[in-house]
Structures are given as C-alpha cells and as structure tokens.
Amino acid sequence: MLNAVLNKEHDEARQGEAFAPFAADPNAFKKHFYIESYGCAMNFADSEVVASILLENGFGATTDFENADLIFINTCSIREKAEITVRKRLTEFRKIKKLRPGMLVGVLGCMAERLKAKFLEEEKLVDLVVGPDAYRSLPGLIEEAETGQKAVNVLLSRDETYADIAPIRLNSNGVTAFVSIMRGCNNMCSFCVVPFTRGRERSRDAQSVINECKTLFEEGYREVTLLGQNVDSYHWVDEQKELVVTFAMLMEQVALISPLLRIRFSTSHPKDITDDVLHTMLKYENICNYIHLPVQSGSTRVLQMMNRTYSREWYIAKVNRIRELIPDCGLSTDMITGFCTETEEDHRESLSLMEYCKYDLAYMYYYSERPGTRAERRFEDDVPLEVKKRRLQEMIDLHRMHSMQSMQRDVGKICKVLVEGTSKKSEHHFFGRSDHNKVVVFAKDNHKKGDYVFIHITSCTAGTLIGSVAEKS
Ligand code: SAM
Ligand code: SF4
Ligand code: F3S
C-alpha cells in the first residue's frame, strides 16, 4: 500500500551521515578523508566547509572509512545522549585503527570544543581535536599529527565566519542546500551548551551569502536554507560602517536572486523575529511560509529560569501576530520536558501551549544537564528521569495528534512541491516538499528533480502527503 510504503522520507534526525565520494579521479589525491556528522544543520554545513578546506589541500573524500587515511567525526554536545553516540562510534574506529596504525582520527565540532585536550586523555585513539572556529588550521594540524604528536586547536574566534570558503556539497541532492549566515550565539539560555561550544555570535558578510546563493542557483539548486542559531539577530555592517544589513534585508536580497529559488530559514528566536521579517515573507512568494519558533516551555516561571527572556503570554502574542499577518504560516517548535523544578502544573502549561499553537512539527526532548551551563551551576537537576520521560511521552502523544490534523488539513488542497528526488520506497515515485516543509510523494510522470510541480493531495500518513499532479508546471 502506498501509505505504508512511502512515509519514510520524513526523516529529520540526521545522525552520523557520511559524505559520498568526491566524483573525481581517486588517484588524484595524496590521501583520503572520511567525515561523519552529528547534530544540527549548522554542523552539517560546517562539514562541507571542512571538506572544502581538505580538498583544497590535496585530500580526497571517501565513504569507505575502513580504507580512509583520516577519519573525522564532527560532533554534537547538545544532550548527553549525543555525546554517548559519538563515544560509541569512536570505539568502532578504534578497532580499525588497530589494524591500520597510520590512520588518523580527528574529533571536530562542539564536543571537541567542550572537552578540548581532555579528549586526548579520555580517548587515547584520537589524534586531532579541532573546534568549530579552527578548521582553517586543519592542514597544519594534520601534518603535526602525522609526526606522531597530538594536535589540538580549539580557539574560538570573534570574527571567523568562513565567508570566503565555498562549501563542497558532497552529499547533496543537487536541489536543496544549507547556507550559514552567522555563527555562535549570545543568548545564554541556561540549559544550553551552544554559547560555550560555538562562541560569540557573528554575522557573515551579506554579499558572500548572496554570492553563495547565486552560485547555488546557477548550479541548479532550487532551495536554500539560511542557517544560524538565531537568524533574526543577523546584523552585518560593512567596513565603512555605511551599510547595515538586517535579516529581513538579507532574506529579501536572496529572494530577489530568482523567483525559482525557494528560501527557508532556521532558527528564529521568539524575542527577535520582527514584523519586517514577516512582511518580507509576505512580499516574496519564494520565501516559504514556515517558521521554526522554539518555545522550550509553556510556563513563564520555567521560561524565566531558562533565561529565554519572554513569557508564555509574549510568545502567544508573537504566534498570534504571525497568524494575523500570514494566516497560512506553518509553525514548528522545540520543547524541553523536565527542566529543573518543573512541576506537573508547569508541564500542563507546556501541553496547553501546544494545544493553542497546534504545531505542524515539534522537536521534543527531555532535559539533559550539560556541564558548565548556567542551569548546571545554579539549579538542581531535580526532576527524576522517569518523570521527564513520562512527560515527554505525553507531549509526543499530544503533538502526534496535532501533526496528523495538520497533514489531514492538506488533503484535498493543491500544494506547490519542489522535487528533491526519487522516493526511497518506490522508484516510480518522486518525493519533494511543500511550502510548509511537508514531504509529498507522487507518481513521476515527466517531471524531474528540481522542478516545481503542483500536486493535488489525495491522502496522507503521519509523515507524508500523497497526491497526483494537478497541472503541468
Ligand atoms: N538556537 C535554537 C533555539 O534557540 O531554539 C536551537 C538550539 S539547539 C541546537 C536545538 C534544541 O535543542 C533547543 O531548541 C532545545 O530544545 C534543545 N536543547 C538544548 N539544550 C538542551 C538540553 N540541555 N537538554 C535538552 N534539550 C536541549
Ligand atoms: Fe542555545 Fe538559546 Fe542560543 Fe538557541 S538561542 S543556541 S537554545 S543559547
Ligand atoms: Fe549540537 Fe553544536 Fe549544533 S552542540 S546542536 S552541533 S551547535
């Protein structure tokens, strides 16, 4: 049955993805690297920068880690579980290294930044530890490690944005791409490790963002997702201090590249998203009507302890404003259950907020205490694990209902779908995404990857809309 077969493309959990081999003569490279990425889209985008730096310095990419000369693991520290996954993976790499002693293993990204040189003591097999702002030094560090020394660079920078590096889209579908517009975060949410692993917020040169998007469009890409931990605080000032570019202005410039280039963005902080951004979304048909607006909790008391700087009422007012200006706006969120001191009453407030917002998509987690964060230093992680998990399950059950309702609301509608590729489950079907970021599956007909196709939605599963072509596009 189609429904049963085709609902798997909706897979947001990107864990441990490896790059595909670079399509060039494999003998052209002195050595080969393998890179595996964990965590958020920004980390995946960073791996593309790393690949670019390595290729520029004579290393070729491979997906065959058993035969790689260098294995890199680009890590995430956001929750304890993310770090446990990386440690397990390193154990597997250790076995290979025993067979191939000359091979080097490098830890990149947020866990490298959090643990620094301690990593080398804890994981004897690791040869390089490189933080997110130090990737330019990778070629030198590799040379150092090749002489048998352990190589570490975890310096955070106030201005590194890798603006001049053209990321290598090695594992790409050729249609959609991530474009980093800023790095770091200044927000200091009390539960979050990101300000410590990624450093201070800085915006990337607006022109370099626009150029990268233009190049992508010329290469056939049809969708860019502008990335930052807090995109609405994007703020670029040119060297002469004459030109200030806000996020709304940047998004407009990207939208003007071509009406055929779709624009998404992530993540918006509720305190920073402005009417200007909403008006710009309204003005350009190619900016998707979809906002990821993490709330984290529905209780003002908990939000205060989280240092989110808004109340439940303020968040609701923001959602109302979005719906007033863009009635057809898809909305998603992040939620945490069992944060320090969270009571059943606080939890019910989170559920009732979700009931109010009826998110199309929600990423839900139970609180995981992270060393060095404000919450770890100031509050007791006092909600028992089984309570955190039970609350999370209640939240997931509620959201499942909302997301199913959201999918069902689309049945009977016509959606504009950007074709991303052949469905994993049926070679006769394409899959793509609607404006609201929902996966849509339909029979191939004469269309091709990168086309926009109007699809009449006829049915749905929990994660996929199913339909047929409504008109030639
Ligand atoms: N910058 C974005 C924001 O402000 O929402 C996202 C940051 S983080 C990469 C993604 C999500 O992970 C957060 O929105 C939060 O829900 C979750 N998260 C962060 N720290 C966490 C922790 N210590 N325990 C559980 N979930 C956490
Ligand atoms: Fe973490 Fe808050 Fe920054 Fe998001 S805004 S990355 S949750 S500190
Ligand atoms: Fe993880 Fe670092 Fe992203 S902690 S979520 S990879 S910014």
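This is a predicted model: local features need pLDDT of at least 70, side-chain atom pairs count only at pLDDT 80 or more; totals for chains, interfaces and linings use all residues.
View 1. Residues are numbered from 1 along each chain as its sequence is written, chains are lettered from A and ligands numbered from 1 in the order in which they are written, and side-chain values use heavy atoms, with hydrogens and water left out.

View 2. Of the 15 residues around ligand 1, Phe 191, Gln 229, Gln 296, Asp 334 and Ser 368 come nearest. A polar contact here is a pair of N or O atoms within 3.5 Å. A backbone N or O atom of Phe 191 sits 3.0 Å from a nitrogen atom of ligand 1, and a polar side-chain atom of Arg 79 lies 3.2 Å from a nitrogen atom of the ligand. Arg 308 brings a polar side-chain atom to 3.2 Å from an oxygen atom of ligand 1. On its own, ligand 1 has 560 Å² of accessible area, and the protein covers 91% of it (Shrake-Rupley method with a 1.4 Å probe). The shell has 7 nonpolar, 4 polar and 4 charged residues. Strand 16 (330-337) and strand 17 (361-366) each supply at least two of its residues; helices (H or I, at least four residues) and strands (E, at least two) are DSSP runs, numbered from the N terminus.

**View 3. The second largest pocket.** Domain 2 (176-409) and domain 3 (411-469) both contribute to the lining, so this pocket lies between them (the bounds come from an automatic or database domain assignment). It holds about 370 Å³ of space, a volume being the space filled by probe spheres set on grid points joined across faces, edges and corners. On a 1 Å grid over the protein atoms alone, a pocket is an open set of points with protein on both sides within 12 Å along at least five of seven lines, whereas a cavity is a set where a 1.4 Å probe fits but cannot get out; lining residues have an atom within 4 Å of a point. Of the 20 lining residues, Asn 289, Asp 328, Lys 416, Asp 435 and His 436 lie nearest the centre. Strand 18 gives the largest share, 3 residues. The lining counts 9 nonpolar, 4 polar and 7 charged residues.

**View 4. The largest cavity.** A search of the whole structure finds 1 cavity of 30 Å³ or more, and the largest cavity has a volume of about 110 Å³. Ala 45, Val 49, Pro 167, Ser 180 and Arg 204 lie nearest its centre among 15 lining residues. Helix 2 provides the largest share of the lining, 4 residues. Domain 1 (4-153) and domain 2 (176-409) each give at least three residues.

**View 5. Two backbone details.** Most residues other than glycine have a negative phi, and most peptide bonds are trans. The bond from Ser 266 to Thr 267 is cis, with omega near 10 degrees. Lys 116 has a positive phi of about 50 degrees although it is not a glycine.

Methods. Ala, Val, Leu, Ile, Met, Phe, Trp, Tyr, Cys and Pro count as nonpolar, Asp, Glu, Lys and Arg as charged, and the others, Gly among them, as polar. A residue is near a molecule or strand if one of its heavy atoms lies within 4 Å of it. A polar contact is a pair of N or O atoms within 3.5 Å; within protein, one must be able to donate a hydrogen and the other to accept it, and residues adjacent in sequence count only if both atoms are side-chain atoms.
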